[in-house]
Amino acid sequence: MAPTTKQPLIPGRAYQDEAFRVILRRLFYLWARQTGKSYEFGRESFDEMMGNPGRLITFISASVALGGELLLKEVQVWQTMLRAMQQAAAAGGCLFTSNGLEVIEDLDALADIFTHSKLETQLWHDRTTCSRTRVIAPNQDTAVGWTGSIYGDEVGRWPNAQAVFEAVIPFMSRNPSFRLRLATTPPPDDKHYTFELFAPPADLEFPRNPKGNFYRSEAGIMVHRVDIDDAFAAGCKIYHPDTGAEITPDEDRALAFDKVGWDRNNRLTFVAGGTAALSLAGIARAQAAGKGQCIGVNITEEIAA
């Protein structure tokens with residue numbers, strides 16, 4: 001990738017800074033769980049608000065719809081981000097406001113604003129011009145009314161991902177400065193729309209790199225990949241579930257009961273879940289045999305495999 005020389009006002013890890021500098025309008029983030037996807041989106045949305053007076057940024061969060069522990073963790077991230085945005089805005093000579101700042105010390109109240117898709121931040125460039133970031137749930141029925149840049153978090157958990165994408169993609173053709181940023185881990189269901197959007201080419205290997213690795217997916221989209229080993233090399237800590245002692249990724253995996261789930265969420269393994277009639281590997285083999293055209297797949301063989 002060709003990074004720019006811009007530096008973020010809010011600090012991040014090596015792989016976050018690498019993603020921050022990418023100048024592509026469209027970039028997908030395939031990052032391991034708990035490596036800072038929401039934090040990075042907060043940094044990038046703030047930077048975009050700073051550089052584009054009047055810009056609207058729509059942050060689409062799966063946790064708003066799913067609730068539970070996922071929601072609480074994301075609210076905690078935004079609790080940190082709101083403070084960082086406020087400080088960075090002051091350093092940049094702008095006024096930062098948010099309804100979240102009114103209850104920033106009250107996690108439950110902030111979560112309530114978040115749950116009802118009412119969290120909005122404003123960066124005032126002067127008395128009449130402000131840029132905004134709003135946090136909402138993935139909803140294809142209201143998506144047609146969105147505009148500006150789109151940031152989608154945990155898209156592999158969106159139950160209606162294809163319909164939402166169909167609604168938001170046309171925005172990209174209306175303004176060359178609009179950006180699309182989507183983040184996820186591999187979805188547990190191989191029929192999910194994002195499975196093929198993010199899947200790397202077969203047999204592609206990724207060296208351990210604290211800055212992460214870039215590849216173009218089978219769908220032709222540039223992806224920034226950061227697995228648990230990359231994040232660990234960049235200083236992301238892992239702690240023992242019982243003692244709290246620092247451990248390595250391999251030690252953490254050895255402790256995991258569900259190693260398939262651990263590999264998917266941490267080493268970003270695309271695992272066929274058995275829910276699709278045909279696997280991606282089977283289709284790829286058929287295409288190779290037919291020199292680019294899928295002639296057929298032996299379903300019996302696929303099931304046996």
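Author: Buried means under 20% relative accessible area, exposed over 50% and partly exposed in between, with a 1.4 Å probe and protein chains only. Helices (H or I, at least four residues) and strands (E, at least two) are DSSP runs, numbered from the N terminus. This is a predicted model, in which local features need pLDDT of at least 70 and side-chain atom pairs count only at pLDDT 80 or more, while totals for chains, interfaces and linings use all residues. Residues are numbered from 1 along each chain as its sequence is written, and side-chain values use heavy atoms, with hydrogens and water left out.

Reader: Which residues of helix 11 are buried?

Author: Helix 11 spans residues 259-266 and is mostly covered, with six of its eight residues buried. Helix 9 (228-233) and helix 10 (249-255) are included in what covers them, contact being heavy atoms within 4.5 Å. The buried residues are G261, W262, D263, R264, N265 and N266.

Reader: Which residue caps the N-terminal end of helix 11?

Author: The cap involves the backbone nitrogen of V260, with a side-chain oxygen 3.3 Å away. That oxygen belongs to D258.

Reader: How many aromatic pairs are there?

Author: Rings of Phe, Tyr and Trp (its six-membered ring) pair if their centres lie within 6.5 Å; planes under 30 degrees apart count as stacked, over 60 as edge-to-face and the rest as tilted. By this rule the count is 12 aromatic pairs.

Reader: Why is the pair of F59 and W78 edge-to-face?

Author: The ring centres of F59 and W78 are 5.2 Å apart. Their planes stand at 85°, so the pair counts as edge-to-face.

Reader: How many residues apart in sequence are the parts that F59 and W78 tie together?

Author: F59 is buried at a relative accessible area of 0%, and W78 is buried at 1%. F59 lies in strand 2 (residues 56-61) and W78 in helix 4 (residues 68-91), so the pair ties together parts whose separation in sequence is 19 residues.

Reader: Which element gives the most to the lining of the second largest pocket?

Author: A pocket, on a 1 Å grid over the protein atoms alone, is an open set of points where a 1.4 Å probe fits, with protein on both sides within 12 Å along at least five of seven lines; lining residues have an atom within 4 Å of a point. The second largest pocket is lined by 18 residues, of which Q34, T35, G36, K73 and V77 lie nearest its centre. Helix 2 (37-51) and helix 4 are the elements that give two or more residues to this lining. The most, six residues, comes from helix 4.

How values were computed. A polar contact is a pair of N or O atoms within 3.5 Å; within protein, one must be able to donate a hydrogen and the other to accept it, and residues adjacent in sequence count only if both atoms are side-chain atoms.
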